[in-house]
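Biologist: I am new to reading protein structures. Could you take me through one, feature by feature?

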Amino acid sequence: MSAVLALGAVACGGDDKDSSGGGDKVTLGFMGDLTGENSGIVIPPWNGAQLAVEQYNATNPKVKIELKRYDSQGKPEQATGLAQQAIKNDKIQGLIGPAFSGESQSVAPILDEAKIPSVSPSATNVTLGEKKWTYWHRVVADDEVQGAGASDFIARAFKAKKVFVVHDNQDYSKGLADYVTKGVQAKGATVATDVVDQKGTDYSSTVNKAKQAAPDVLFFGGYYAQAGRLFKQLREGGVTVPLVTGDGSLDGGLIKGTGANNANKVYVSCPCLIDPEGKKNPKAKTFNDAYKAKFNADVAIYSGEGFDAATAFIEAIKAGNTTPEKINQFLSTINIEGVAKPIKFESNGELAAKDIYVYESKGGKLPLLGNTKDATVK
């Protein structure tokens with residue numbers, strides 16, 4: 001982490017020679033929660049973006065890229081101020097991020113008005129793709145697609161007839177939980193629901209409701225800090241059914257919060273591909289090897305998507321597009337294979353690829369189990 005911060009400090013130095021692009025440098029930003037309680041799912045895409053830019057700059061191109069970091073801590077009100085700073089003071093030509101859906105709702109209109117293209121590596125709320133923003137893109141499928149994938153997995157792998165769905169009322173959390181609810185209901189399951197306090201620590205009421213509901217599977221929509229607390233209390237309260245959650249919980253902090261002894265039968269869905277051995281995508285192994293050499297860690301949640309988001313900008317710049325509007329025009333036509341999935345955008349900025357993957361808690365880690373379409377459990 002200290003290395004990441006040091007690199008970030010270096011990236012924040014220097015003066016822009018041409019604020020509108022077209023000179024010998026293009027300035028890109030990265031925005032997300034880099035120091036808050038859910039930073040564990042934002043630092044990996046930040047690392048991936050850094051790696052992509054570093055590899056590009058190492059080729060000694062005519063136009064180099066300067067990457068600036070904006071630590072929003074996932075807070076929409078903080079992200080808004082940072083976006084204005086990035087546009088007015090730092091003169092960015094593009095933004096990788098914001099990482100979360102809530103901050104994206106606040107920042108995207110600002111970027112769109114300023115005509116600054118953005119590519120989020122991890123914001124998944126469905127409504128983001130419905131706002132008709134011209135300069136907005138993301139390299140992940142949305143919560144509706146993830147909800148369908150997760151509900152398919154729950155119904156098929158566990159033959160669930162009763163599902164208990166919980167969320168903490170954040171934009172991302174409620175949206176994903178609602179789509180899972182609709183998905184399992186469409187497959188014939190009955191659903192009981194509950195809402196927990198995002199900042200709460202005592203979830204005994206939810207534990208009791210879950211026990212009374214006697215579900216076949218419990219699904220939680222939310223981030224790993226909250227999921228860990230909830231799952232720990234569920235297990236300690238005697239709830240032994242499979243626990244399923246979404247991409248916001250795909251971090252080692254989930255197992256740490258749940259407790260290694262309680263983390264059996266825990267599964268996480270994600271529109272991200274974490275594939276260090278290259279089983280699904282050969283390019284993923286090459287990426288993992290380079291990532292591990294630089295950060296002394298295997299790829300993690302959205303690190304590949306961070307690399308791909310940066311790559312989208314890099315390809316635009318390599319093709320001679322150095323102003324925000326020309327970069328944005330290029331993004332509408334890009335069609336290349338990324339390290340996580342194909343980089344191709346639909347007309348509304350959505351990623352064309354719709355695959356969802358599931359990860360299983362095993363040995364204190366969360367290895368890839370498979371695609372939600374065919375992943376099986378023992």
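**Reading the features**

Modeller: Start with two strands: β10 (residues 266–270) and β13 pair in the antiparallel sense over four bridges. Tyr267 stands opposite Glu360 in β13. Helices (H or I, at least four residues) and strands (E, at least two) are DSSP runs, numbered from the N terminus. Two strands pair if DSSP finds at least two bridges between them. This is a predicted model: local features need pLDDT of at least 70, side-chain atom pairs count only at pLDDT 80 or more, and totals for chains, interfaces and linings use all residues. Residues are numbered from 1 along each chain as its sequence is written, and side-chain values use heavy atoms, with hydrogens and water left out.

Biologist: Which strand pairs with β13 in the antiparallel sense over three bridges?

Modeller: That is strand β14 (residues 368–371). Here Tyr359 stands opposite Leu368 in β14.

Biologist: Are the faces of β13 covered or uncovered?

Modeller: In a regular strand the side chains alternate between the two faces of the sheet. In β13 (residues 357–360), both faces are covered. Tyr357 and Tyr359 lie on one side, Val358 and Glu360 on the other, and all are buried. Buried means under 20% relative accessible area, exposed over 50%, partly exposed in between (1.4 Å probe, protein chains only).

Biologist: What is the order of the strands in the open sheet?

Modeller: Strands of a sheet pair through backbone hydrogen bonds, either parallel or antiparallel. Five strands form this open sheet, in the order β2-β1-β3-β4-β5, and the pairing is parallel. β2 (64–71) and β5 (136–138) stand at the edges with a single partner strand each, so one side of each has no neighbour in the sheet. Neighbouring strands of this sheet are turned by 25 degrees against each other on average, direction ignored. Axes are lines fitted to C-alpha atoms, for helices over the stretch in contact, and angles run from 0 to 180 degrees between N-to-C directions.

Biologist: How many bridges join β4 and β5?

Modeller: Three, with β4 (residues 118–120) and β5 paired in the parallel sense. Val119 stands opposite His137 in β5.

Biologist: At what angle do α2 and α11 pack?

Modeller: Two packed helices are described by the angle between their axes and the distance between the axes. For α2 (residues 43–57) and α11 (residues 303–318), the angle is about 35 degrees and the axes are 6 Å apart.

Biologist: How do α11 and α12 cross?

Modeller: The axes of α11 and α12 (residues 324–331) come within 9 Å and cross at roughly 110 degrees. The two helices are therefore roughly perpendicular to each other. Angles under 35 degrees count as roughly parallel, over 145 as roughly antiparallel, 65 to 115 as roughly perpendicular and the rest as oblique. In contact (heavy atoms within 4.5 Å), Ala312, Phe313, Glu315, Ala316 and Ile317 of α11 meet Ile327, Phe330 and Leu331 of α12.

Biologist: Where does a cis peptide bond occur?

Modeller: Most residues other than glycine have a negative phi, and most peptide bonds are trans. A cis bond joins Gly97 and Pro98, with omega about -10 degrees. Pro98 sits in the loop between β3 (94–96) and α4 (101–114).

Biologist: Is phi of Lys115 positive or negative?

Modeller: Positive: phi of Lys115 is near 60 degrees. Lys115 lies in the loop between α4 and β4. Lys115 is partly exposed, with a relative accessible area of 41%. Asn169 also has a positive phi, near 70 degrees. Its place is in the loop between β6 (162–167) and α6 (171–186).
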